[in-house]
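Subject: Structure handover

Hi,

Here is the structure you are taking over. My notes on it follow below.

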Amino acid sequence: MKDFASLNEKDPVGEMLSKLSALWVSRAAVNNEQTPYSELAFNPAKADFSESLLPFRGHDAWRDAPAEVKEKCLSYAWVIYNLKTIYIECNVVTPACEDIIKSPPVNSQNREILQSVMAEALLDEALHTKMSISASNYIYHHRQLPYLDYCDFNLIGWRNALLSSCTAEWQRRLTRFGIACASETLITDYLKTMAEDSSIQTVCHEVTRTHAMDEWSHSSVFSFVAIDIVSQLSTSEKVYLHEVIKKTVSMFANNEMGAWRKAFSLAGLEGGEDIVADVGDMGEINVYTGSVNSLLARVGLESVGAGPVLACGGGRG
Ligand SMILES: [Fe+2]
Ligand SMILES: [Fe+2]
């Protein structure tokens, strides 16, 4: 029986995916033993999150807050960060992987390797979800904090609304893939600061660093899968996918102030409502714009241009 490399020796996309799949065997966190959290010392004096990432770090109510309230808010920042990660893994990336595993793109000569790399990504995301839950509960336990439950993340709400407005299965499928593909590129930026900040709690730094290393690879995997998919799209389908990927940036960068409102209340931050009112939804989109433009160029969508297509009307053209 031929292996993937020989099956795809004439197709550069298939070749690259085969190489990434071979690397996955030794690189992925799921294939390597993780250091048990019990061996990573908890240091109560260290912050659980990088303050430089807080969208309200310059607000007067934050600057004037007592140190112990700020410390609690930084612990909740870690909780919100992980909760959003879990929603991205479960509600955004997993369904797109499943689409390709269950029903690979018709006419693709890379069918088997596409299924294989998506199944590998799915395994990675399941581990990331487990890591996020454990790392949140580790902080809850050590800080003795009340639980923060939240499920209204803007990225997820927008995705659900967009999917329910679609009128054709090709739109639903491209919507699921486009949002996942953009998220897989953006999540590397999302993890970067925490992954490089060794001044924060060791567990928080290590979990983010391990996750970031997997996501570097996912961003390549999804780019090559996207090249395969884009090569078979009509012009209107390409315009639609371009629009979905572009729009994902602003939803991904959303400050999620609804989650923060709950955190401020649990942490007892005076002026929390003022922060919610003043800071608004729009996050630091510039952090992400460059990455997504490179993604569009890599997958052959740069010159397509965006159209007013997110109303999800029309058919294949
Ligand atoms: Fe992940
Ligand atoms: Fe991923």
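**What I found**

The protein chain has twelve helices and zero strands. Helices (H or I, at least four residues) and strands (E, at least two) are DSSP runs, numbered from the N terminus. In order from that end, the elements read α-α-α-α-α-α-α-α-α-α-α-α.

Two points on provenance. This is a predicted model: local features need pLDDT of at least 70, side-chain atom pairs count only at pLDDT 80 or more, and totals for chains, interfaces and linings use all residues. Residues are numbered from 1 along each chain as its sequence is written, while chains are lettered from A and ligands numbered from 1 in the order in which they are written.

**Overall shape**

Along the principal axes, the C-alpha atoms fill a box of roughly 60 × 45 × 25 Å. Of the 317 residues, 40% are buried (20 or more other C-beta atoms within 10 Å of the residue's own, with C-beta atoms placed from the backbone).

**Helix packing**

Start with H4 (residues 67-102) and H5 (residues 111-143). Their axes are 9 Å apart, at an angle of about 160°. Axes are lines fitted to C-alpha atoms, for helices over the stretch in contact, and angles run from 0 to 180 degrees between N-to-C directions. H4 and H5 are therefore roughly antiparallel (over 145 degrees). Their contact has 16 nonpolar, nine polar and three charged residues. Ala, Val, Leu, Ile, Met, Phe, Trp, Tyr, Cys and Pro count as nonpolar, Asp, Glu, Lys and Arg as charged, and the others, Gly among them, as polar.

H4 also meets H10 (residues 257-267). These axes come within 9 Å and cross at roughly 145°. On the H4 side, the contact uses Val69, Lys72, Cys73, Tyr76 and Ile80; H10 supplies Ala259, Ala263, Leu266 and Ala267. Contact means C-beta atoms, placed from the backbone, within 7 Å. By class, that contact of H4 with H10 has eight nonpolar, no polar and one charged.

**One residue to look at**

Met194 sits in H7 (residues 169-196). Is Met194 buried or exposed? Met194 is buried, with 22 other C-beta atoms within 10 Å. Not counting residues up to four places away in sequence, Met194 touches Ser50, Ile200, Cys204, His205 and Thr208.

Best wishes

Note on methods
Buried ≥ 20, exposed ≤ 12 C-beta atoms within 10 Å, placed from the backbone. Parallel < 35°, antiparallel > 145°, perpendicular 65-115°, else oblique. Contact = placed C-beta atoms within 7 Å.
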